[in-house]
Structures are given as C-alpha cells and as structure tokens.
Amino acid sequence: MLSIELPAVMENLQVFQEAVIREAELTGFSSKGVFSLQLVLEEVFMNIVNHAYADSESGPVSVAVESAPGEMRIRIEDYGSPFNLLEADKPDTTLDMEDRAIGGMGIMLIRQMAKELSYLREDEKNIVHITMVDS
C-alpha cells in the first residue's frame with residue numbers, strides 16, 4: 001500500500017502523480033489506464049490546492065493507494081472546506097463555450113473516468129474514494 005502526505009501546494013502534484021503512476025505501472029496498468037489515472041488525480045489535487053484551503057495558506061493532503069491487477073483504489077484526504085464533488089453542479093455541455101459557467105468540467109471528467117467514486121466528510125476531513133480500472 002502506498003501512502004503519502006504533503007502540503008497541498010502545486011509543486012507537490014508531480015510527487016503524488018509519480019508515486020501513484022509508479023504503483024499503477026507495477027500492477028500492470030496500460031499507458032491509457034495510467035493516463036486516465038493521471039488526469040483524475042490531477043483534477044482532484046488541483047481542486048484541493050485551488051479551493052479547499054482558500055481561507056488559509058495551505059494544509060495537508062494525503063493520498064493512499066491500494067492496488068490489485070488492473071485496479072487502483074485511491075483515498076484522498078484534506079482538511080479544507082467541505083466539498084462534495086458528487087453534489088457539484090454538472091456543466092451544461094449543450095451551451096456554446098462562451099455561454100457556459102466557468103468550472104465543473106474537471107469534476108465531470110472524474111465522474112466519467114472513475115469506476116467508483118464516493119465522498120465523506122468525517123472528523124473535519126474531506127475524504128474521496130476513487131476506484132480506477134485499467135482501460
């Protein structure tokens with residue numbers, strides 16, 4: 001099991017991605033599966049960096065990964081503002097780009113790419129569980 005905790009700052013995105021990708025490659029994920037995993041992790045991490053700690057300088061984010069052949073179960077935790085990505089408004093993709101509200105596309109991407117996705121607010125923490133399967 002892989003487990004990392006670092007400050008939720010942009011510079012640490014690559015550290016998290018490299019560790020999770022290494023784990024995925026060890027379990028035999030294809031390059032397409034690794035790319036999907038990388039996108040999902042980037043979207044969740046960027047939301048934490050840009051929004052979770054908006055009222056403070058920063059705070060910790062932890063990523064724990066359990067893997068099995070062809071499957072990654074990822075748990076991401078932060079102590080930022082509560083945010084349930086499952087309840088976020090879905091962007092209206094029928095509108096022209098200039099008429100759309102800003103934001104929401106990354107969360108839509110996460111919802112589409114994850115096999116399973118859940119959110120829990122517990123002990124002042126946001127806890128996101130993501131299951132990704134090799135594609």
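## Contacts of Ile130

Ile130 touches Val40, Val44, Met72, Arg73, Ile74, Ile76, Ala114, Glu116 and Leu117, leaving aside residues up to four places away in sequence. The model is a predicted one.

## The nonpolar core

Ile130 is also among the residues with the most contacts inside the largest nonpolar core, which has 35 residues. H2 gives the most, with 9 residues.

In soluble globular proteins, nonpolar side chains tend to be buried together.

## An aromatic pair

The model has 1 aromatic pair. The ring centres of Phe16 and Phe45 are 5.2 Å apart and their planes are at 50°, so this pair is tilted. Planes under 30 degrees apart would count as stacked, and over 60 as edge-to-face.

The pair links distant parts of the chain, 29 residues apart: Phe16 belongs to helix H1 (residues 13-26) and Phe45 to helix H2 (residues 31-52). Buried means under 20% relative accessible area. Phe16 has 0% relative accessibility, so Phe16 counts as buried. Phe45 has 3%, so Phe45 counts as buried.

Strand E4 (residues 116-122) and strand E5 (residues 125-133) run antiparallel and are joined by 7 bridges. Glu122 stands opposite Lys125 in E5.

The two strands form a hairpin with 2 residues between them. Asp123, in the turn, has a positive phi of about 50°.

Notes:
Residues are numbered from 1 along each chain as its sequence is written. This is a predicted model: local features need pLDDT of at least 70, side-chain atom pairs count only at pLDDT 80 or more; totals for chains, interfaces and linings use all residues. Side-chain values use heavy atoms; hydrogens and water are left out. Rings of Phe, Tyr and Trp (its six-membered ring) pair if their centres lie within 6.5 Å; planes under 30 degrees apart count as stacked, over 60 as edge-to-face and the rest as tilted. Helices (H or I, at least four residues) and strands (E, at least two) are DSSP runs, numbered from the N terminus. Buried means under 20% relative accessible area, exposed over 50%, partly exposed in between (1.4 Å probe, protein chains only). Two strands pair if DSSP finds at least two bridges between them. A nonpolar core is a set of buried Ala, Val, Leu, Ile, Met, Phe, Trp, Tyr and Cys residues joined through side-chain atoms within 4.5 Å. Contact means heavy atoms within 4.5 Å.
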